[in-house]
Structures are given as structure tokens and as C-alpha cells.
Amino acid sequence: MSPSIPLQEMIRAIRSARTQCEERGVIQRECAAIRAQFRQVDNGGARSHNLAKLLYVHMLGYPAHFGQMECVRMIASPRYSEKRVGYLGAMMLLDEKQDASLLITNSIKNDLAHSNQYVQSLALCTLACMGSAEMCRDLAPEIDRLLRASNSYIKKKAALCAVHIVRKVHDLGELFAPAARSLLAEKNHGVLHGAVVLITQLCERNPEALERFRKTVPDLVQIMKGLVISGYSPEHDVAGISDPFLQVRILRLLRILGRHNETASDAMNDLLAQVATNTDSTKTVGNAVLYETVLTVLDIKSESGLRVLAVNILGRFLLNNDRNIRYIAMTSLQRIVGTDHNAVQRHRGTIVDCLKDQDASVKRRALELSLALVSASNIRTMMKELLLFLSSCPPGAQSSSCQRHIPCGRKAGGDVRDETVPNLIQLITNTSELHCYTVHKLYRALLTDISQPSLVQVACWCIGEYGDLLLKGECQETEPSQVTEDDALDALETVLQSHMSSPATRGFALTATMKLSTRITENVDRIRSIVSIYGSCMDVELQQRAVEYNALFRKYDHMRAAVLERMPVIEKNSSGHTNGETAGDAVKEIQPAAVKQTGPLLPQQPANQVCDLLDLLGGSEEPLQPSTALGLPNSTSTAGGDLLDLLGGLELTPLAPAPTVPVYEKDGVSLTLICEKTSDSGMTVTLTASNSTDSDISVFTLQAAVPKSVQLHMKAPSGDFLPARGAAKVTQMVALNNPNKVNLKMRIRISYNTSQGSAYQDTVQIDSFPGL
Amino acid sequence: MMRFLLLFSRQGKLRLQKWFTPISEREKKKIIRDMTSMVLARQPRSCNFLHWKDLKIIYKRYASLYFCLAVDNQENELLALEVIHRYVELLDKYFGNVCELDIIFNFEKAYFILDEFLIGGEIQETSKQVVNRCIESSDMLQETMEEYMSKPAF
């Protein structure tokens with residue numbers, strides 16, 4: 001058997017272990033020795049230090065459950081040192097979930113009646129720490145006895161033990177009520193404190209007890225006065241305040257007793273005014289007492305002068321240098337901003353200043369409070385400050401502040417400028433984890449009120465985008481609600497039909513309805529009918545949209561899912577940038593176009609086209625310019641134009657003035673190239689093909705090859721049909737990335753079918769790229 | 001009431017843990033991990049109060065030890081700071097210029113002192129001197145009994 005080393009030796013050995021592995025070795029050896037020692041019947045005086053060693057090992061995180069029975073044995077030992085460690089072990093290793101805990105009930109019972117008060121105190125402490133409901137029921141009469149007849153040392157512990165018992169077994173509150181009442185007459189602060197805590201606990205649990213204990217208000221006021229007015233008491237003084245712990249507890253009890261009760265509140269008015277004015281607020285202790293006083297004043301039925309005094313104290317706290325004090329001031333103001341709104345508004349300036357504080361907790365509180373203070377009169381300045389704050393926020397904080405921005409937006413309502421809508425939508429797309437919460441909240445906002453255009457627009461957009469999340473129902477941050485497909489469609493239809501909705505808002509709603517067609521499963525027919533109804537709407541924009549969406553249903557159903565896919569994250573962009581001024585009013589026939597590509601189909605393309613769709617209807621309200629965000633030049637609008645060629649003969653906007661280099665010219669087919677550097681190693685090459693012969697060329701495709709180290713990515717070509725006499729061109733974009741900066745060459749293979757049906761192929765090599 | 005009190009070093013090593021509600025071992029470990037990572041991540045001059053689940057966390061750093069106290073939502077945070085400070089004063093009085101090593105090598109004494117100051121998540125004695133006197137008396141009781149049994153305590 002290995003010799004057992006003293007506790008301190010073992011601690012030293014563990015700490016000197018250089019690696020985790022070594023430490024584990026030491027601990028395993030020690031645990032083995034401890035186990036062996038536990039198995040021995042009588043170990044002399046070494047038992048307590050074995051258990052202490054085990055407790056140390058347990059604190060390091062290693063398993064120590066084999067010590068539970070040893071704890072039980074030690075508690076039953078007659079020796080104080082062993083009892084002490086045994087009870088400590090019981091508090092650390094045994095909780096009410098372990099079966100072994102019941103075994104110590106009898107020992108505790110015996111020790112509660114022990115002649116030595118320190119043994120009694122051990123038992124009381126352990127019972128209050130880990131006593132289960134059965135143990136409490138068993139030992140409650142003992143505790144009650146101790147509450148009445150023992151010295152103050154035991155009484156104070158018994159009082160807190162009673163608090164624990166009442167928490168575990170509510171009915172036993174009745175048992176302790178009379179003893180608690182009589183304890184208030186004690187002089188000993190410890191006992192008084194325990195008594196106040198016990199009464200608080202009884203009043204919180206039981207309204208009848210609350211009624212009965214209201215009679216103690218005069219006694220409590222008396223005790224409190226004694227503490228506040230009395231001179232210096234060395235026993236209980238903390239920085240000039242006499243027993244702040246007791247003062248705070250009494251104030252809390254007074255709050256509970258005075259709530260909703262005029263007489264009780266009147267009885268404490270003077271006292272509260274006295275405490276509020278006399279307490280020294282230079283140190284934290286004083287502020288702790290003042291804080292509790294303020295909370296009490298604001299919670300009971302106090303007279304208005306006292307309330308003003310309380311809010312002023314909070315205002316003083318807001319200006320305090322100590323961050324903690326500013327933080328709790330804002331927490332308290334948050335609680336009363338509903339009831340004493342004007343009083344809090346007076347301090348709005350300071351609160352908004354706190355948005356710029358460096359501390360995250362203070363900032364969050366300031367944000368919540370600022371949002372609560374937003375009203376019709378100060379909306380402009382507040383929104384400015386809040387948007388400033390949001391833009392300077394780190395992303396983690398952004399999502400939580402977004403959550404609150406939404407209800408604020410609802411309040412802001414009609415006053416909000418147009419750019420808030422795109423800003424908000426951009427923020428929403430950026431915080432993907434909040435989509436579910438956002439859409440739920442906005443849906444509910446939509447149900448209650450559809451009069452505010454900005455909010456309705458954002459809500460419609462979100463429902464369309466994240467409709468699947470809305471219908472799924474579950475959402476962590478908000479209460480679950482079952483939204484059916486019909487409900488969502490009803491909401492959108494209400495917006496569509498309401499006379500309060502502007503045309504822009506209706507446009508949002510119609511698009512959202514269309515988007516939902518891919519996100520829901522059952523009510524697609526309903527959507528079709530809504531869309532076709534609007535095909536004959538008086539409003540030209542809506543009509544155009546409706547007809548196009550109808551066509552999506554009829555002819556392009558296979559592409560509908562791709563077209564209406566989820567939007568990519570929007571990058572922040574200069575506002576007001578529209579994509580190609582191709583506004584048209586006429587409704588055109590939709591031409592089929594076979595979109596053939598050599599490169600992978602970009603998922604962003606369909607979304608691109610949807611936005612082109614929206615944009616082509618001249619919707620300047622549309623804040624989304626993903627095509628610009630994706631960095632594609634204007635020529636890609638032709639891609640959308642081909643798929644849903646509404647504007648047939650419209651001129652496309654000319655490309656940016658980069659040098660156009662002809663690279664191939666043969667048989668009337670010409671290919672030109674424009675080079676654009678996009679980054680340090682990347683560039684975009686645009687190939688434009690045209691046909692100057694008298695006959696059409698079809699199935700026109702381009703393939704490209706580059707040196708090994710260069711990365712090539714071919715975007716979808718604009719089409720593959722080259723009409724005769726250069727009536728239209730085909731463009732193909734190629735994205736290149738040349739990280740090793742090798743000499744860039746590109747070989748292009750051109751293949752097409754002539755109008756006679758013969759296939760033609762040719763290759764051209766480009767060795768130099770202009771504009772590089 | 002107070003829910004738990006944790007003491008840990010700047011490297012996140014636990015020096016003392018006192019739980020005032022029954023929690024499973026696994027849950028305790030998780031809470032310790034959460035607390036250490038949350039508190040150690042805080043900037044030096046930031047607010048001492050945090051929100052975590054439905055509790056308020058009050059922490060304070062004394063030399064190389066972080067004292068982390070979790071209280072119910074309706075408790076007074078400033079008073080909780082005072083509670084932490086009072087405990088440190090008690091330790092200081094007992095050990096004489098207490099440092100982290102004292103708490104490491106005499107952890108059971110730290111627990112005994114805590115048990116004389118707090119019970120069941122509430123303060124039991126508001127006077128420093130009374131608490132100190134009680135600790136000394138208990139220690140005396142232990143020693144006399146040990147002397148009597150002529151065996152060392154630990």
C-alpha cells in the first residue's frame with residue numbers, strides 16, 4: 001500500500017506536474033491510494049485528510065463519486081475535524097439527486113441537537129445548502145425549535161435554513177411564520193437579517209402571509225431609522241453606512257409590502273425620503289442603498305414628490321463616472337420608461353451619449369433605452385443616432401440591435417425616409433441567424449397595422465423572401481405561432497387590396513406573393529389566381545408584373561424555382577444606383593430563349609434577372625441592386641433581357657469605355673475583346689461576337705483555355721443566336737484570376753451553325769491583353 | 001438569492017466553487033466553462049455586470065483571481081459587489097494578506113470561511129468581526145480535539 005502523503009504535499013505534486021498527462025498520473029495514483037484507505041475500516045486520524053485530498057481532486061474536475069459513502073461515514077464520526085470535512089464533502093459531492101444524500105438525514109438530525117454550537121452550525125449549513133424536499137420535511141420541526149430557543153449564532157443560521165426549506169416545500173411556510181415574526185424583535189443584526197430574508201420569502205410565496213406581515217411595516221421602519229440615523233457602529237460599518245446589507249434587505253421587504261397598498265406605502269414615505277437624502281453616495285455601498293431605495297420608491301404607491309426625487313437620483317447616477325452605476329441607472333430607467341415616460345425623456349441626451357460608451361453592456365442598455373424613448377417628436381434625431389450606432393456596431397451586436405430596430409421602425413412609421421427601407425433590408429439579409437425571428441415579428445406587425453408604408457414594404461419583402469421560415473412555425477427568439485400558408489397569403493392580399501397601400505407597396509406585395517409560390521406547397525393555385533387577377537389591374541406597373549409572373553407560371557414553370565430563389569446577401573452600395581435606364585411601359589410578348597452555357601450556371605443569375613425584372617418596371621423604390629453588387633457590368637442586363645425579353649428592341653446601354661480589341665474576323669463573324677482589371681490578380685474579359693453576313697448564325701458557342709496556373713471562370717453567355725447583319729451581338733464574360741502573374745494567353749474555340757445547317761469551328765489564340 | 005460563486009485564476013483554473021442550487025455535474029462543468037470564457041473575455045475597464053440566461057453575473061478581479069457571483073434577476077448588483085468584497089476582506093483577515101496560493105493550498109479553510117458568511121445563497125452575518133471570531137473558534141475546536149487525539153489535522 002502506497003504511503004498517503006499529506007494534502008499540501010499532494011497539491012504541490014499536482015501543481016509541479018508539467019503536462020496534463022503527468023498530472024493525470026499523479027492524480028490516478030493518489031486516488032487509488034485514497035480508495036484503498038477508504039476501504040479500511042479504521043484508519044486512525046488519516047481519514048479526514050484523505051477526503052480533503054479527494055475534494056481537491058474533485059475541484060480540478062476529476063471524478064470523485066467514490067467518496068460519497070466516505071462523506072456519510074465522516075459525518076457520523078464523533079470528531080469535529082472529521083465532521084467538518086465530511087459535511088464539506090457532502091455539500092460538494094452529494095446533492096439531492098444522489099441517493100446517498102438521504103443517508104445523512106439522521107446524522108444531521110442528531111447534530112442539530114448537539115451540545116456544541118459549531119457542530120449544530122455544520123448541520124444547519126449543510127441542510128440549507130443541499131437539503132432535499134424529504135429531508136426538509138423531516139427536519140422542519142427541528143429548525144422551528146431552533147428558531148425559537150437558541151443563541152443568536154444558531155438562530156441566524158436556522159432562519160436561513162428555514163428560507164431554504166420554504167423554497168423546497170412551500171407548505172411549510174405556515175410553520176415558520178410565527179417564529180419569523182418574533183425574530184424581528186431581536187437586536188442581533190445577523191438574526192435580524194435572517195428574519196427579514198425569511199419574511200421576504202414567506203411574503204413572496206403566499207399572499208395571505210403578505211397580508212399578515214404588512215403589520216410589521218412600522219417595526220421595519222423603526223429598525224431602518226435606527227440604522228440610518230444612528231452614529232458610527234464599528235461592528236457593522238461599511239464606508240460610513242451602518243450595515244448596508246441589512247438596509248438593502250429591509251428596503252426590499254418594504255417594497256414587497258408596500259406594493260399595491262396605500263397605507264403601507266404611506267407609512268414608509270418619510271423613511272424613504274430620509275434614506276434617499278441622507279445616504280452618502282460617494283462610495284459603492286452608499287449607491288447600493290440608494291439604488292434599492294429608488295427601486296422601492298418606484299414600485300410602491302409613493303407620492304409624486306418622492307418619485308421625482310427617485311428619478312433625479314437615477315439621473316445623477318447616469319452622470320456618474322463609474323460605469324457600473326451608469327449601467328444600473330439605465331436598467332432602472334428602462335423599467336419605468338413605460339410609466340414615467342416624461343421623467344425619463346428629460347435624461348434622453350445623456351442616454352444617447354451612452355451609446356458611444358466603450359463598454360458593451362452599457363451600450364446595449366443605452367440602445368434598449370433609446371429605442372424605448374423614440375417618439376414622434378424626436379424621431380429624426382434618434383434615428384440618426386441609432387443608425388450611426390448600428391453602423392459602428394460589431395456584427396455580433398448588430399444582430400441583437402437589429403432585433404430591436406424592427407419594433408423601432410414600426411414606431412417610426414411614416415416619418416422614415418426612403419433610404420431606411422433599403423438599409424433595413426440590407427441589414428436583415430446580413431444577419432442570417434435572425435431571418436426567422438425577423439419574419440415572424442414583421443408578419444405580426446403586418447397583421448396589426450398596415451398603414452405605415454416603409455414597414456409594410458419591409459414586411460412584405462421579408463415574408464416573400466423568408467416565407468418558408470415563417471411557415472415552419474418554430475423560432476427560438478419568439479413565441480411559437482402557427483402561421484399557415486393561407487394566413488401568409490391573406491396578409492399579403494390585404495396589403496394588395498388596401499386603399500392605404502401605395503403602388504410601390506403593392507408592387508412589393510405582389511412580388512412577395514410570387515416568391516411564396518416556390519416556398520409553399522399547397523396554395524400555388526391561389527397564388528396563380530391572385531397573379532392573374534392583377535394582370536388586368538389599372539395600375540400599369542402592377543399589370544406588367546402580374547403578366548410577367550403569369551408567364552413564369554405558364555411557360556417557364558421549370559425555371560420558376562430558380563428565378564425566385566433566395567437572394568444573396570446584399571453588399572452595402574451607394575444608394576440610388578439603378579441598373580441600366582431601361583424603363584419601359586409596354587407589355588411585350590415573352591420570347592423563348594435557350595440559354596446554353598459552357599460554364600456553370602451561376603445561382604445569382606436568376607436572382608439577378610428577377611431584380612432586372614423589378615428594375616425594368618421603373619421601380620425606383622426598389623433598393624436592391626444585386627447585379628451591381630456582384631460587380632457585373634451593365635452588359636449582363638442582356639441576360640435578363642433574353643430570358644424575359646420584354647423590351648425587345650430597346651437599345652442597350654453602351655459598355656464602359658474600355659478599349660475594344662478585335663481578336664477574330666473571319667467569314668463575317670467577328671469577335672472583339674474588352675479587358676478589365678478587377679483586382680490585383682483578377683480580371684474580367686468580355687468577348688463580343690457579331691455577325692455581318694446576310695444569313696443568321698445559330699448555336700454560337702465559345703470555349704476558352706488558359707495556362708495552367710490561371711483560373712478561368714466562364715459566365716453564361718448572353719445567348720447563342722447571331723442574327724444577320726449585326727442586328728444583335730452575343731457577349732460572353734470570362735473571369736480570370738492570375739495569382740502567379742504568368743504571361744497570360746488565351747485560346748478561344750468558336751463554333752456555330754450556319755443558316756444552311758453546316759457546323760463550323762475555329763480557334764484563335766490571344767497573346768496579349770490590352771488594358772492589362 | 002445567490003446561485004453560485006466561482007473563483008478562478010486568469011488562466012481559467014478553478015480555485016473554488018460553491019453552488020447554492022442542485023445542479024448535475026455535467027451542467028456544473030458547462031457553467032464553469034461558460035463563466036470563465038465570458039468573464040476572461042471582458043475588457044479591463046468594463047462594467048462588472050453581465051447577463052447570462054436569466055441570471056445576473058457580477059464579477060470582480062482581485063489580483064490574479066476572478067470572483068464570479070451569479071444572482072437572481074431581482075437582486076441588487078451593487079450589493080453583490082459588496083458581498084464579493086466582504087468575502088475577500090474575510091479571507092484577507094484570516095490568512096493575512098491573502099494571495100491565490102493561500103486559497104489553493106488551504107481551499108478547505110476558504111470554504112469554511114464562506115460557510116460562515118453565506119448560507120443557502122443568502123448572507124448570514126453582516127459583521128466582519130463576528131464571522132472572524134467564529135472561524136477562529138471553530139479552528140480552535142478542531143485543534144484542541146486534534147491535540148487531544150495527538151494526530152495532525154491534515
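How many of the 14 residues of H7(A) are buried? Select helix H7, residues 117–130 of chain A, to find out. The count is 13 of the 14, so H7(A) is largely enclosed by the rest of the structure; buried means under 20% relative accessible area, with exposed over 50% and partly exposed in between (1.4 Å probe, protein chains only).

A word on what you are viewing: this is a predicted model, in which local features need pLDDT of at least 70 and side-chain atom pairs count only at pLDDT 80 or more, while totals for chains, interfaces and linings use all residues. Residues are numbered from 1 along each chain as its sequence is written, chains are lettered from A and ligands numbered from 1 in the order in which they are written, and side-chain values use heavy atoms, leaving out hydrogens and water. Helices (H or I, at least four residues) and strands (E, at least two) are DSSP runs, numbered from the N terminus.

Stay with H7(A) and check its span: 20 Å from its first C-alpha to its last, close to the 20 Å expected at 1.5 Å a residue (that is, 1.5 Å times one less than the number of residues).

**Chain B: a five-stranded sheet**

Next, colour the strands E2-E1-E5-E4-E3 of chain B, which form an open antiparallel sheet in that order; two strands pair if DSSP finds at least two bridges between them. E2 (14–19) and E3 (49–52) stand at the edges with a single partner strand each, so one side of each is left without a neighbour in the sheet. From one strand to the next, the twist averages 20°.

Zoom in on E1(B), residues 2–9, where seven of the eight residues are buried. Seven bridges join E1(B) to E5(B), residues 65–71, and Phe4(B) stands opposite Ala70(B) there. With E2(B), the strand E1(B) forms a hairpin with four residues between them; select Gly12(B) in the turn to see a positive phi of about 90°.

**Chain A: a three-stranded sheet**

Finish with E6-E9-E10 of chain A, an open sheet with antiparallel pairing. Its edge strands are E6 (698–705) and E10 (759–766). E9(A), residues 746–753, pairs with E10(A) over eight bridges, and Met746(A) has Ile766(A) as its bridge partner.

Definitions and conventions. Axes fitted to C-alpha atoms, helices over the stretch in contact; angles between N-to-C directions.
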